[in-house]
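This report describes the side-chain contacts and the sheet of the structure shown below.

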Amino acid sequence: MSVVVAIKPSARKRNAKVGRLVFEDGTRHAFESRAAAERWADDLSAGDGHVWVASAHPRDDGDADCYLVSRATNAKLEAAYDKRRRRLRGDTGSEQESLGGEP
C-alpha cells in the first residue's frame, strides 16, 4: 500500500527543512505506510517548526491521502493585530488600569 502525502503551505512556511524539501523534490511524497509518513514528519520536526501528518478529508478530490501540515502562527504578530484593530475602532476602554481604578 502506498500513502501519498502532499505538503501544505503552512508546513513549508513553519519549517525550513520542509521548505528546502519542497524546493528540491516537490510537494508530493509517497510512503509505504501512514506510520512511515509520520516518522518522516517527526524527523522533519526535530529542531525546527513542528509538522505532522493529517488525513485528507473524505470529500477531498485531490490525489493525496494525507497532508503534511503545521500551525503557522506568530502569537506576537497576532497580538499586535488585535491591538491595532482595537485602536482603529476607537476603543479607548482597552487601556490598562491599576486595581484602584486609576490609569
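## Salt bridges and fold

The structure holds two salt bridges, a salt bridge being a side-chain nitrogen of Lys or Arg within 4 Å of a carboxyl oxygen of Asp or Glu. The model is predicted: local features need pLDDT of at least 70 and side-chain atom pairs count only at pLDDT 80 or more, while totals for chains, interfaces and linings use all residues. Residues are numbered from 1 along each chain as its sequence is written, and side-chain values use heavy atoms, with hydrogens and water left out.

| Salt bridge | Closest N and O atoms |
|---|---|
| Asp-63 with Arg-28 | 3.0 Å |
| Glu-38 with Arg-34 | 2.9 Å |

Strands (E, at least two residues) and helices (H or I, at least four) are DSSP runs numbered from the N terminus. Asp-63 counts as exposed at 52% relative accessibility, and Arg-28 as partly exposed at 41%; buried means under 20% relative accessible area, exposed over 50% and partly exposed in between, with a 1.4 Å probe and protein chains only. Glu-38 and Arg-34 are four residues apart in helix H3, which means a separation of about one helical turn. Glu-38 is partly exposed at 33%, as is Arg-34 at 29%.

A search of the whole structure finds one aromatic pair. The ring centres of Phe-31 and Trp-40 are 4.8 Å apart and the planes stand at 45°, so the pair is tilted. Rings of Phe, Tyr and Trp (its six-membered ring) pair if their centres lie within 6.5 Å; planes under 30 degrees apart count as stacked, over 60 as edge-to-face and the rest as tilted. Both Phe-31 and Trp-40 are buried.

Four strands form an open sheet of mixed pairing in the order E2-E1-E4-E3, where two strands pair if DSSP finds at least two bridges between them. Its edge strands, E2 (28-31) and E3 (52-55), each pair on one side only. E3 runs antiparallel to strand E4 (residues 66-69), to which four bridges join it. Within this pairing, Trp-52 stands opposite Val-69 in E4. Helix H3 (residues 34-45) packs on the sheet, touching E1, E2, E3 and E4, with contact meaning heavy atoms within 4.5 Å.

How values were computed: Axes are lines fitted to C-alpha atoms, for helices over the stretch in contact, and angles run from 0 to 180 degrees between N-to-C directions.
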